[in-house]
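Let's take a walk through this model together, one region at a time. Have the viewer open and follow along as we go.

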Amino acid sequence: MTTIEKAKLLKLLYQYRCCGFEYFKEYKSANAVNRGLCENFEELKNRVVNCHICAISKNRKNVVFGEGNKNASLMFIGEGPGANEDETGRPFVGKAGMLLTKIIENVLGLKREDVYIANIIKCRPPNNRVPTIEEVTSCKPYLMEQIDVIKPKIIVALGSTSYHHLTGEYDLPISRVRGEVLEFGDAKLIPTFHPSFLLRNPSAKKDVFADMLKVKKLL
Ligand code: URA
């Protein structure tokens, strides 16, 4: 194992320990043992707010933990915070967020507070660049804890970064998989286009509309 690989592994183990996992137990059983810990969202949030595992934590204004109904059946997962989210500490509050809110309200007939909204990573990457694999590796365990506590029936992956990192299917473009109903643990995962993409390509709204009708049926 190279020094870099060792450093990455150590970082990951440290991350898991921060989430309450024990080093020598299998992921699943350690998870079950520590379920009581992680059901406490505030404690998890506290850990995330104080996280400095990866470099982008240095430049954040706020951690964007996620928000919404902790018992939601429906969870949306985006890529990562942008400038507005970094400023406010809330997910999807800029132009893309306004469009997502409209989709939730007008197409799904729900309130934004009824669903849970989070991102693959919780700090804003410089200039809104796509998060690196190292950043995702450090941060994704927090998201997995959130999913574990919320236990949504349906997860909507917003855009390719979200879809790729949730599934590990890095080679499939979002245009090929959007609207498919995939298995994701106990939940169904439905990838669709990111609202930012819709702002640049309004003709794709009809596809997201169709995907949301599918979500509505399955809820
Ligand atoms: N884009 C995202 O992917 N997430 C946000 O929170 C905002 C914009």
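**Around the ligand**

We begin with Phe-92, where a backbone N or O atom lies 3.0 Å from an oxygen atom of the ligand. Taken alone, the ligand exposes 240 Å², and the protein buries 91% of that area. Please keep in mind that this is a predicted model. A polar backbone atom of Glu-79 is 2.8 Å from an oxygen atom of the ligand, while at Gly-80 a backbone N or O atom lies 3.1 Å from a nitrogen atom of the ligand. Which residues surround the ligand? They are Gly-78, Glu-79, Gly-80, Glu-85, Pro-91, Phe-92, Asn-119 and His-194.

Asn-119 leads us on to strand β3. Here Ile-117 and Asn-119 point one way, Tyr-116 and Ala-118 point the other way, and all are buried.

Now look at the strands beside β3. β2 runs parallel to β3, and four bridges join them; in this pairing, Phe-76 has Ile-117 of β3 as its bridge partner. Strand β1, residues 67-68, pairs with β3 in the antiparallel sense over two bridges, and Gly-68 stands opposite Tyr-116.

Is Gln-146 buried or exposed? Gln-146 counts as buried because its relative accessibility is 0%.

Our last stop is helix α6, residues 95-107. Its 13 residues reach 18 Å from the first C-alpha to the last, close to the 18 Å expected at 1.5 Å a residue. The buried residues in α6 are Ala-96, Gly-97, Leu-99, Leu-100, Thr-101, Ile-103, Ile-104 and Val-107. What covers the buried residues of α6? The cover includes the strands β2 (74-78) and β3 (116-119) that we have already visited, along with β4 (154-158), α10 (195-200) and α11 (205-218). Just after α6, Gly-109 takes a positive phi of about 70 degrees.

Definitions and conventions: Residues numbered from 1 in each chain as written. Predicted model: local features only at pLDDT ≥ 70, side-chain atom pairs only at ≥ 80, totals over all residues. Heavy atoms only, no water. Expected span 1.5 Å × (residues − 1). Buried < 20%, exposed > 50% of the residue type's maximum accessible area, 1.4 Å probe, protein only. Contact = heavy atoms within 4.5 Å. Near = heavy atom within 4 Å. Polar contact = N/O pair within 3.5 Å; in protein donor to acceptor, adjacent residues only side chain to side chain. Areas by Shrake-Rupley, 256 points an atom, 1.4 Å probe, with all protein chains shown as cover. Pairing = 2+ DSSP bridges.
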